[in-house]
Amino acid sequence: MSRLLIFLLCTSLFLACKFENPEERLKPQIVVTTSILADGIRNLVGDAADVVALMPAGVDPHLYKASARDLDLLLEADIVLYHGLFLEGKMTEIFEKLSLRKDLINVSENIPTELLLRSGPEAHSVDPHIWFDVKLWSMAMDHAAAELILINPTWETIISANSKSYQAQLAELDQATKLKITELSKSNQALITAHDAFAYFGKAYGIEVLGLQGLSTLSEPGLRDLTGLIKFIVQRDIKAVFAEQTISPKAIQAVVAGCESQNHQIKLAGPLYTDSLGDPEGEAGTYIGMVHTNVSVIFQSLIQ
Amino acid sequence: MSFDQNAFLIIITAAMIAISCGLLGVFMMLRKMSMTGDAISHAVLPGIVIGFFVSGSQRGLEVIIGAGILGILATLMIDWLRRKARVQLDASIGITFTLLFAIGIILINLLAYKVDLDQECVLYGEIAYLPIDLWLTKSGLNMGPRILYLSLLNLILVTAFIILFFKELKVTSFDENFSKVIGIPAGLINLSLMSMVSYTTVSSFEAVGAILVVALLVVPPATAFLWTRKLKLLIQLTIVLGIGISIVGYYLAYLFDSSIAGMIVSVAGIAFLASALFKSKSFLSRFGTSRQPESLKKIV
């Protein structure tokens with residue numbers, strides 16, 4: 001039996017060989033974590049590099065499970081970008097270690113701490129959903145552009161030109177969002193969603209935001225949260241609550257049912273895009289498209 | 001063809017964890033406590049929350065220690081319920097882990113509502129990223145993959161424990177009363193086995209994630225049990241199975257570009273089903289005819 005054991009160990013050593021991929025890459029490869037980040041970086045580098053996301057569109061970063069070749073993707077990448085602010089969970093630690101042998105960019109590292117929302121004094125109690133504030137996200141993109149140029153100076157002309165026009169588009173998006181949302185908050189509406197992802201959105205565009213669930217997808221809504229929320233909806237005559245793309249709508253449906261039992265008709269709108277972009281061919285396949293879609297859904301549902 | 005160091009690292013670590021879990025799993029199975037690993041995977045939650053509040057960080061060592069303490073506490077509670085409250089063993093496992101998990105959820109709701117905190121993002125590791133999760137010393141020296149050391153240490157401790165206490169473990173697993181008669185402290189042996197299981201599961205959760213650990217504790221011993229009833233052979237077969245499924249699982253995962261842990265568990269499950277089908281005749285005759293009358297005789 002022990003001979004068999006040694007044999008198995010030896011075969012595993014031998015088997016740890018793979019056929020090498022003969023195809024050569026024509027362009028440098030940039031690997032990023034989320035689909036939202038991938039879209040931003042694609043806008044910056046244009047045709048100069050291939051951008052690959054570890055978490056494809058439609059995947060909740062909380063539920064991301066690495067597949068066997070993700071490691072190869074990371075190790076073969078020329079540049080790796082990650083979101084930071086603990087969005088990648090336990091992987092953040094690993095990314096920091098990857099900086100030993102890779103060019104690594106944490107896109108959120110330059111955002112001033114006073115602009116970040118945090119729930120407690122702990123280092124990791126910061127809310128990572130900065131892309132809901134277009135201004136903060138454009139800061140992150142600006143930082144990414146600067147770092148990319150540092151890593152590969154030959155890209156300077158391409159990236160600075162792309163970055164300039166992308167920043168202009170983002171500024172326009174920010175203005176358009178502000179215009180619509182201000183109108184909503186004038187009519188005393190609030191944004192009610194399944195989990196607490198929209199805090200930056202509320203702060204940046206001046207609308208009250210309530211989430212049914214905490215930041216962790218594990219924490220379930222408490223009973224007091226539910227009754228308190230229903231009371232709030234009836235008092236303020238809120239027109240709609242919103243489901244989210246990557247989260248089961250069950251809990252938020254309970255809010256709708258609860259309101260109906262109080263004779264308050266409310267619409268279940270959405271689903272809004274939160275932690276991931278939509279189908280790449282669709283409207284919400286880009287970051288700008290996603291924000292546009294979200295804002296128009298929120299506006300249409302709450303304005304009547 | 002070229003030697004892929006990362007593939008080798010992943011396979012060798014998975015095999016080491018499979019051996020540690022399999023060795024303990026054999027004795028857990030004989031004691032009908034196979035699901036303790038699953039219970040521990042849930043019961044660690046309050047330890048994580050408390051560890052988080054002690055350290056103020058999701059990555060602190062306190063979180064791992066908190067998880068480990070809760071793991072031991074859970075096994076103690078299971079044992080206590082079984083002995084003192086005279087509850088069925090499976091029920092005592094169910095009561096313990098649901099209670100501790102529920103306490104963890106309440107603690108999150110009360111204390112950490114605004115923090116992304118659960119076992120998934122704090123404790124469970126990802127085997128695919130093991131080769132880049134390096135151990136860096138204070139002086140910045142690169143010592144290689146961190147998990148490799150942790151699982152090697154774990155394997156050495158588990159193997160030493162099994163070899164040193166083999167006789168005691170064997171006797172207490174089969175007949176607790178007899179072991180007391182011949183002077184073996186069954187309670188102490190039981191407690192040390194449970195602590196070993198708790199340490200192994202928490203250490204391996206951190207390395208490769210929960211589902212793989214729970215499966216490795218249960219499936220290889222159960223598969224080996226279909227082929228033999230001799231304890232030594234059972235242990236050897238479990239070890240071989242553990243190594244085999246790690247190798248096959250990794251390559252299938254690579255082939256289909258899917259989760260490594262998921263694929264290893266699937267391969268283990270298929271190996272068990274195949275064994276069960278192959279052995280179904282003798283399986284049925286053993287459980288269907290010869291076994292039951294024996295146990296009935298005892299009662300009569």
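Tutor: Start with what a contact is. Two residues are in contact if their C-beta atoms, placed from the backbone, lie within 7 Å. Keep in mind that this is a predicted model.

Take chain B. Helix α10 (residues 186-208) of chain B packs on helix α11 (residues 210-227) of chain B. Their axes are 7 Å apart, at an angle of about 135°. Angles over 145 degrees count as roughly antiparallel, and 65 to 115 as roughly perpendicular. The crossing of α10(B) and α11(B) is right-handed.

Now the residues. From α10(B) come B:Thr201, B:Ser204, B:Phe205 and B:Val208. They meet B:Ala210, B:Leu212 and B:Val213 of α11(B). In this contact, 5 residues are nonpolar and 2 are polar, with no charged ones.

Stay in chain B for a second pair. Helix α1 (residues 5-30) of chain B and helix α12 (residues 231-256) of chain B have axes that come within 8 Å. They cross at roughly 150°. That makes α1(B) roughly antiparallel to α12(B). This crossing of α1(B) with α12(B) is right-handed. On the α1(B) side the contact residues include B:Ala7, B:Ile10, B:Ala14, B:Ala18 and B:Gly22. On the α12(B) side they include B:Leu234, B:Thr238, B:Gly242, B:Ile245 and B:Tyr250. The contact of α1(B) with α12(B) has 16 nonpolar residues, 5 polar and no charged.

Move to chain A. The axes of α5(A) and α6(A) come within 10 Å and cross at roughly 180°. The two helices α5(A) and α6(A) are therefore roughly antiparallel. From α5(A), the contact takes in A:Val134, A:Lys135, A:Met141 and A:Asp142, among others. From α6(A), it takes in A:Glu156, A:Ile159, A:Tyr166 and A:Asp174, among others.

Next, step back to domains. The domain assignment of chain A gives domain 1 as 3-108 + 119-171 and domain 2 as 175-302. Where they meet, 22 residues of domain 1 of chain A are in contact with 22 residues of domain 2 of chain A. On the domain 1 side, the elements that give two or more residues are α2 (35-45), α5 (134-151) and α6 (156-186) of chain A. Of these, α2(A) gives the most, with 4 residues. That side of domain 1 of chain A holds 10 nonpolar, 7 polar and 5 charged residues.

Finish with strands. Chain A has an open sheet of 4 strands, in the order β3-β2-β4-β5, with parallel pairing. Strands β3 (50-53) and β5 (103-106) of chain A stand at the edges. Each has a single partner strand, so one side of each has no neighbour in the sheet. From one strand to the next, the twist averages 20°. Look at one pair. Strand β2 (residues 29-32) and strand β4 (residues 79-82) of chain A pair in the parallel sense over 3 bridges. There, A:Val32 stands opposite A:Leu81 in β4(A).

Methods. Residues are numbered from 1 along each chain as its sequence is written. Chains are lettered from A and ligands numbered from 1 in the order in which they are written. This is a predicted model: local features need pLDDT of at least 70, side-chain atom pairs count only at pLDDT 80 or more; totals for chains, interfaces and linings use all residues. Two strands pair if DSSP finds at least two bridges between them. Axes are lines fitted to C-alpha atoms, for helices over the stretch in contact, and angles run from 0 to 180 degrees between N-to-C directions. Domain bounds come from an automatic or database domain assignment. Ala, Val, Leu, Ile, Met, Phe, Trp, Tyr, Cys and Pro count as nonpolar, Asp, Glu, Lys and Arg as charged, and the others, Gly among them, as polar. A crossing is left-handed if the near helix is turned anticlockwise from the far one by less than a right angle, and right-handed if clockwise. Angles under 35 degrees count as roughly parallel, over 145 as roughly antiparallel, 65 to 115 as roughly perpendicular and the rest as oblique.
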